[in-house]
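Take a first look at the chain below. Then read on for a short tour, from the overall fold to the core.

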Amino acid sequence: MTTIDVCICTFRRASIAHAITSIDAQDTPPGVSISIIVADNDETPSAKDLIDTLASDIDTPITYVHAPARNISIARNACLDTAKGDWVAFLDDDEVAPPNWLSDLLARAQQGPFNVVFGTARAQYDAGTPAWIIAQDYHSNVPETRGGVVQTGHTCNAMIERAHPLIVNERFRLDKGRTGGEDTEFFFRLWRKGAKLGISDKATVYEPVDPKRLSFKWIMTRKYRSGISYGRHSEAQYTLLARAKLFSLAIAKIAYCALAALVTLPMPSQRNFWILRAGFHAGVASSTFNAREQELYG
């Protein structure tokens with residue numbers, strides 16, 4: 001029997017009910033058993049009554065854990081501490097997974113074989129979303145390779161071989177639990193230890209976008225922070241020479257993006273793309289000087 005714990009961290013979101021019911025509706029293959037762990041990151045156990053009600057309405061077992069407060073790494077670690085399954089899968093509390101989600105992740109993991117598998121989190125935009133945001137789809141999270149290798153990823157759609165010796169004792173860094181990037185660092189760390197990371201093209205989940213995140217300022221802040229996070233945890237930080245090379249390359253990319261933004265100035269979608277891309281590389285450049293990561297959460 002293969003066991004999977006689906007971990008959902010939550011903070012004052014009623015949408016977790018949709019996430020949980022989508023897990024209860026999973027079409028898992030024979031010989032696979034699933035359960036759900038909910039880690040409530042609020043100061044008070046505000047989600048407990050809702051989770052207790054859901055637990056009585058669905059067939060999939062739910063374990064509720066109060067993991068205060070306002071630090072996503074605390075909640076993620078509470079999930080890992082509670083999990084007993086062979087695998088843990090992470091889903092955000094505002095996402096919905098189609099019935100084939102877990103089976104697709106597991107099939108890809110076994111096919112690799114991989115110790116970690118990532119899937120896409122596809123953004124769903126309201127009718128009033130600016131066209132330039134939809135055109136570039138800034139809020140979808142699509143896992144990427146670098147040089148043909150998967151080095152890191154995100155917990156919005158991931159399955160991890162929890163019991164593997166390289167993974168079982170690893171936890172998310174608490175100092176990154178408010179800035180974001182805790183998952184990028186975590187998976188970079190696993191990859192450096194020798195874990196094999198892969199991507200499933202089939203295992204897609206869906207996430208409605210919070211209207212508060214539909215602004216140029218919010219996206220730029222996130223791009224800049226992502227650049228810091230990527231640069232800080234890449235191998236390029238290991239020596240002074242490598243950091244200088246990373247900085248120089250980032251500056252060259254900023255210049256290229258600035259030129260591209262000027263060329264596409266009359267076209268909002270393309271212009272904003274290049275400006276935001278420059279923001280990411282500015283974050284990478286800043287990472288070589290130990291720039292402080294802005295708190296985006298909590």
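**From fold to core**

The chain holds nine helices and nine strands. Both are DSSP runs numbered from the N terminus: helices are H or I with at least four residues, strands are E with at least two. This is a predicted model, where local features need pLDDT of at least 70, side-chain atom pairs count only at pLDDT 80 or more, and totals for chains, interfaces and linings use all residues. Residues are numbered from 1 along each chain as its sequence is written, and side-chain values use heavy atoms, with hydrogens and water left out.

Start with the overall form. The C-alpha trace spans about 55 × 45 × 35 Å along its principal axes. Of the 298 residues, 50% count as buried, meaning under 20% relative accessible area with a 1.4 Å probe, protein chains only. Contacts are heavy atoms within 4.5 Å. Of those with a separation of 6 or more, 79% join residues 24 or more positions apart.

Now go inside. The largest nonpolar core has 34 residues. Such a core is a set of buried Ala, Val, Leu, Ile, Met, Phe, Trp, Tyr and Cys residues joined through side-chain atoms within 4.5 Å. Ile4, Ile20, Ile51 and Trp101 touch the most other members. Among the elements giving two or more residues to this core are strand S1 (2–10), helix H1 (16–24), helix H2 (48–57) and helix H4 (101–111).

What does Ile4 touch? Leaving out residues up to four places away in sequence, its partners include Val32, Ile34, Trp87, Leu106 and Met159. A second, separate core has 26 residues, including Ala158, Ile160, Phe172 and Ile199.
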